[in-house]
Amino acid sequence: MDNLNLPIIKLPIFKTKPLSMDEYLRFIAFNLKYTADIKTGRRLKRETFVNAPFVLR
């Protein structure tokens with residue numbers, strides 16, 4: 001295989017503290033509370049169901 005002359009990407013390394021399990025759970029609960037509309041999702045799921053019976057003959 002030929003040697004590839006790829007560019008070296010230099011990005012700053014972010015040194016963030018990893019989240020504890022409690023912090024992660026709070027983060028997930030916050031996102032679910034304000035980004036997902038569960039009632040609308042369930043309504044759309046019910047509306048996409050097929051009401052006609054399926055029969056193979």
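Predicted model: local features only at pLDDT ≥ 70, side-chain atom pairs only at ≥ 80, totals over all residues.
Residues are numbered from 1 along each chain as its sequence is written, and side-chain values use heavy atoms, with hydrogens and water left out.

## Exercise 1: overall form

Compare the radius of gyration of the protein with that of a compact globule of 57 residues.

*Solution.* Begin with the rule: the radius is taken over C-alpha atoms, and the globule rule is 2.2 Å times the number of residues to the power 0.38. For 57 residues a compact globule would come near 10 Å, but the protein has 24 Å. Next, take the box along the principal axes, which the C-alpha atoms fill at roughly 60 × 45 × 15 Å. Finally, turn to burial (buried means under 20% relative accessible area, exposed over 50%, partly exposed in between, with a 1.4 Å probe and protein chains only): of the 57 residues, 0% count as buried.

## Exercise 2: helix α1

Find the span of helix α1 from its 15 residues and check it against its end C-alpha atoms.

*Solution.* Helices (H or I, at least four residues) and strands (E, at least two) are DSSP runs, numbered from the N terminus, and the protein has two helices and zero strands. The expected span is 1.5 Å times one less than the number of residues, so the 15 residues of α1 should span 21 Å, which agrees with the 21 Å between its end C-alpha atoms. As for burial, zero of these 15 residues are buried, so α1 lies largely in the open.

## Exercise 3: an aromatic pair

Classify the pair formed by the rings of Phe30 and Tyr34.

*Solution.* Rings of Phe, Tyr and Trp (its six-membered ring) pair if their centres lie within 6.5 Å; planes under 30 degrees apart count as stacked, over 60 as edge-to-face and the rest as tilted. By this rule the count comes to one aromatic pair. The centres of the Phe30 and Tyr34 rings are 4.9 Å apart and their planes stand at 55°, so the pair is tilted. Both residues belong to α1, and because they are four residues apart there, about one helical turn separates them. Phe30 is partly exposed at 49% relative accessible area, whereas Tyr34, at 55%, counts as exposed.

## Exercise 4: salt bridges

Which residues form a salt bridge with Glu23 and with Arg43?

*Solution.* A salt bridge is a side-chain nitrogen of Lys or Arg within 4 Å of a carboxyl oxygen of Asp or Glu, and the structure holds two. Glu23 is joined by Lys17, with the closest N and O atoms 3.5 Å apart; here Lys17 is exposed at 61% relative accessibility, and Glu23 is partly exposed at 26%. Arg43 is joined by Glu47, with the closest N and O atoms 3.1 Å apart. Since Glu47 and Arg43 are four residues apart in helix α2 (residues 38-47), about one helical turn lies between them. Glu47 is exposed at 51% relative accessible area, while Arg43 is partly exposed at 37%.
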